[in-house]
Amino acid sequence: MTDDDEADEGEILPELCDLCGVVISDQSEINAVVRDSSVTHAHDAQLDGKRWLTACSREHMAELVEQYKQRPFVDAELWAGKIARAIEAHGGRISSEELAEETGLAQDQIEIGVLWQNLGALRWHQRFGKGEGPAPAG
């Protein structure tokens with residue numbers, strides 16, 4: 001490992017089971033992709049809403065998949081993530097037209113996504129007070 005905790009080129013890091021955290025160093029991990037509205041990929045919008053899971057056994061994978069089946073997929077949550085990614089990519093300065101083009105969202109979807117983000121910030125402030133915390137989007 002390097003000083004900034006990135007893998008050295010060519011170094012293969014072991015996987016961890018997403019359920020129990022056990023190290024899987026023999027490449028016997030089991031993988032699956034599940035729907036998850038809280039996931040937005042850093043650069044590839046085609047991967048938004050998809051979570052990559054890793055498990056140490058079929059039983060653990062089945063339990064993980066079941067957990068994600070029980071979690072509701074909330075469009076507004078996904079839209080908020082897309083909006084945040086676009087705003088961050090433009091240093092916080094983006095027109096509503098550029099935002100719509102970059103996210104692929106309609107204006108009403110953008111408004112709902114911003115409301116979702118603001119609701120999350122409001123919940124945070126109600127729970128933890130007025131100290132440092134997430135800033136509302138928009």
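Helices here are DSSP runs of H or I with at least four residues, strands are runs of E with at least two, and both are numbered from the N terminus. The model is a predicted one, so local features need pLDDT of at least 70 and side-chain atom pairs count only at pLDDT 80 or more, while totals for chains, interfaces and linings use all residues. Residues are numbered from 1 along each chain as its sequence is written, and side-chain values use heavy atoms, with hydrogens and water left out.

Let's start with the aromatic pair in helix α4. Trp124 and Phe128 sit four residues apart in that helix, so about one helical turn separates them. Rings of Phe, Tyr and Trp (its six-membered ring) pair if their centres lie within 6.5 Å; planes under 30 degrees apart are called stacked, over 60 edge-to-face, and the rest tilted. That rule gives a count of one aromatic pair. The ring centres of Trp124 and Phe128 are 5.1 Å apart with the planes at 45°, so this pair is tilted.

Next, accessibility. Buried means under 20% relative accessible area, exposed means over 50%, and partly exposed is in between (1.4 Å probe, protein chains only).

| Residue | Relative accessibility | Class |
|---|---|---|
| Trp124 | 25% | partly exposed |
| Arg35 | 57% | exposed |
| Gln27 | 58% | exposed |

Arg35 belongs to strand β3 (residues 30-35). Taking contact as heavy atoms within 4.5 Å, Arg35 touches Gly49, Tyr68 and Phe73, leaving aside residues up to four places away in sequence. A charge sits over a ring if NZ of Lys or CZ of Arg is within 6 Å of the ring centre and within 35 degrees of the ring normal. Arg35 does this with Phe73, lying over its face at 3.9 Å from the ring centre. Arg35 and Asp48 are 13 residues apart in sequence, with their C-alpha atoms 9.0 Å apart in space.

Gln27 is found in the loop between β2 (23-24) and β3. Although Gln27 is not a glycine, its phi is positive, at about 60°.

Finally, helix α2 covers residues 75-89, 15 residues in total, and spans 21 Å from first C-alpha to last. That is close to the expected 21 Å, the expected span being 1.5 Å times one less than the number of residues. Among the buried residues of α2 are Leu78, Trp79, Ile83 and also Glu77, Lys82 and Arg85. Their cover includes α3 (96-103) and α4 (107-128). Just after α2, Gly91 has a positive phi of about 65°.
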